[in-house]
Amino acid sequence: MLFKQQALLRQKLFVLGSLAIGSLLYLVARVGSLDRLQPLCPIDGRFGPRGQDEIPLRALQFKRGLLHEFRKGNATKEQIRLHNLVQQLPKAIIIGVRKGGTRALLEMLNLHPAVVKASQEIHFFDNDENYAKGIEWYRKKMPFSYPHQITIEKSPAYFITEEVPERIYKMNSSIKLLIIVREPTTRAISDYTQVLEGKERKNKTYYKFEKLAIDPNTCEVNTKYKAVRTSIYTKHLERWLKYFPIEQFHIVDGDRLITDPLPELQLVEKFLNLPPRISQYNLYFNATRGFYCLRFNIVFNKCLAGSKGRIHPEVDTSVITKLRKFFHPFNQKFYQITARTFNWP
Ligand code: A3P
């Protein structure tokens with residue numbers, strides 16, 4: 001009798017154990033699809049002209065090793081032909097502004113099934129050494145995608161680098177350009193905070209923001225300070241307008257992308273002529289982080305890295321007021337050119 005009960009118990013334990021292992025394996029397989037080619041969305045994951053829709057995307061997503069090879073550019077010609085994959089030059093570039101929320105914008109756009117992001121900042125157009133390697137080098141840096149998808153890259157240094165507009169124009173004069181901006185003084189402090197963190201890590205000496213932003217001799221705003229110059233958006237934009245008409249730019253409100261991202265993303269979808277696919281489901285507020293995070297599917301969520309959303313140092317209010325007054329006329333001009341008002345103080 002006792003033996004029979006023990007056998008029954010062992011049988012039950014075996015069934016429960018198998019179920020637990022099975023569920024675990026399923027979860028691992030789903031999360032494994034993290035190294036995916038195309039975002040898994042709750043919405044129609046396939047988009048594009050009829051016929052191309054037949055590509056078994058979801059089946060592909062589970063072939064993790066194969067996709068990894070594709071991303072490294074190691075796919076064989078046969079594999080590329082079989083899956084109809086290509087490395088495409090970007091149809092849109094997030095050209096800046098540094099600390100405006102460029103990473104958040106790229107990651108959020110990547111939720112769209114027709115968008116494939118270049119994960120790294122490529123720095124092709126702003127770095128002479130890279131630029132000298134030629135356009136094929138740049139294309140080979142792009143992720144594999146299906147022909148109906150669009151590739152987007154972001155390198156915020158493009159916005160402020162003199163040579164870049166002409167170089168991008170030479171590649172594609174009808175490319176779409178995205179600029180994400182934040183209130184200029186906050187952006188400058190965010191820029192300072194990033195540099196400060198790097199200096200602290202290397203045990204280097206650093207100055208307070210106030211000392212860098214204000215010229216101690218004149219007590220005026222120090223326009224030689226890079227964090228200040230980058231925030232004079234209109235000066236940089238005017239350089240770009242020598243090559244591209246204003247219609248080719250879309251300005252994203254980086255402050256709103258933090259507090260209420262969906263409407264900003266919907267405006268970008270429209271600008272890129274993409275069907276609206278990013279929904280509230282894909283974005284959820286994470287109270288611990290204090291930011292919106294991304295939801296790809298029931299299993300896979302992700303927040304941006306900890307380096308995004310740093311705590312800014314306290315800055316003297318008189319310096320903030322001085323900076324805001326300094327930026328005011330440039331902001332007015334920026335609103336005028338872009339036909340978008342941000343109500344920055
Ligand atoms: P702070 O670190 O000053 O808060 P970039 O990617 O261009 O470097 O911009 C970084 C900024 O993106 C961060 O600046 C942060 O405020 C902003 N950001 C916008 N949306 C975010 C999100 N969902 N998660 C984290 N940071 C976000």
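Let me start with a term: on a 1 Å grid over the protein atoms alone, a pocket is an open set of points where a 1.4 Å probe fits, with protein on both sides within 12 Å along at least five of seven lines, whereas a cavity is a set from which the probe cannot get out. Lining residues have an atom within 4 Å of a point. Grid points are joined across faces, edges and corners, and the volume is the space filled by probe spheres set on the points.

Thanks for coming, everyone. Residues are numbered from 1 along each chain as its sequence is written, and side-chain values use heavy atoms, with hydrogens and water left out.

Confidence comes next. pLDDT is the predictor's confidence in each residue, from 0 to 100. Its mean over the protein chain is 84, and 78% of the residues reach 70 or more. Please be careful with residues 24-68, though: pLDDT stays under 50 there. The model has 80 contacts beyond four places in sequence for that stretch, a contact being heavy atoms within 4.5 Å. Where pLDDT is low, the predicted coordinates should not be read in detail.

Now the overall picture. The protein chain has 15 helices and 10 strands; these are DSSP runs, H or I of at least four residues for helices and E of at least two for strands, numbered from the N terminus. Of its 345 residues, 46% count as buried. Buried here means under 20% relative accessible area, exposed means over 50%, and partly exposed is in between, with a 1.4 Å probe and protein chains only. Among contacts with a separation of 6 or more, 72% join residues 24 or more positions apart.

Back to the pocket. How much space lies in the largest pocket? About 650 Å³. Its lining has 34 residues, and Lys 99, Gly 100, Gly 101, Arg 182 and Lys 308 lie nearest the centre. By class, that lining splits into 12 nonpolar, 12 polar and 10 charged residues. For the classes, Ala, Val, Leu, Ile, Met, Phe, Trp, Tyr, Cys and Pro are nonpolar, Asp, Glu, Lys and Arg are charged, and the others, Gly among them, are polar.

Which element gives the most to the lining of the largest pocket? That is α5, with four residues. At least two lining residues come from each of α5 (102-109), α9 (184-201), α11, α13 (254-259) and β9 (291-295). In the loop between β2 (92-96) and α5 we find Val 97, and the peptide bond from Gly 96 to Val 97 is cis, with omega near 5°.

Let's move to Ser 231, in the loop between α11 (226-230) and α12 (233-240). Is Ser 231 buried or exposed? It counts as buried because its relative accessibility is 0%. Its side chain makes a polar contact with the side chain of Arg 187 at 2.8 Å, and also reaches the backbone oxygen of Pro 184 at 2.8 Å. A polar contact is a pair of N or O atoms within 3.5 Å; within protein, one must be able to donate a hydrogen and the other to accept it, and residues adjacent in sequence count only if both atoms are side-chain atoms. Leaving out residues up to four places away in sequence, Ser 231 touches Pro 184, Arg 187, Ala 188 and Phe 327.

Six of its eight residues are buried, so α12 is largely enclosed by the rest of the structure. The buried ones are Tyr 233, Thr 234, His 236, Leu 237, Arg 239 and Trp 240.

Gln 248 is buried at 15% relative accessible area, whereas Ile 246 is partly exposed at 28%. Beyond four places in sequence, Ile 246 touches Leu 237, Leu 241, Ile 337 and Thr 338. Between Ile 246 and Thr 338 there are 92 residues in sequence but 7.1 Å in space, C-alpha to C-alpha.

One last stop, on backbone angles: Asn 273 has phi near 55°, a positive value in a residue other than glycine. Asn 273 is exposed, at 60% relative accessible area.
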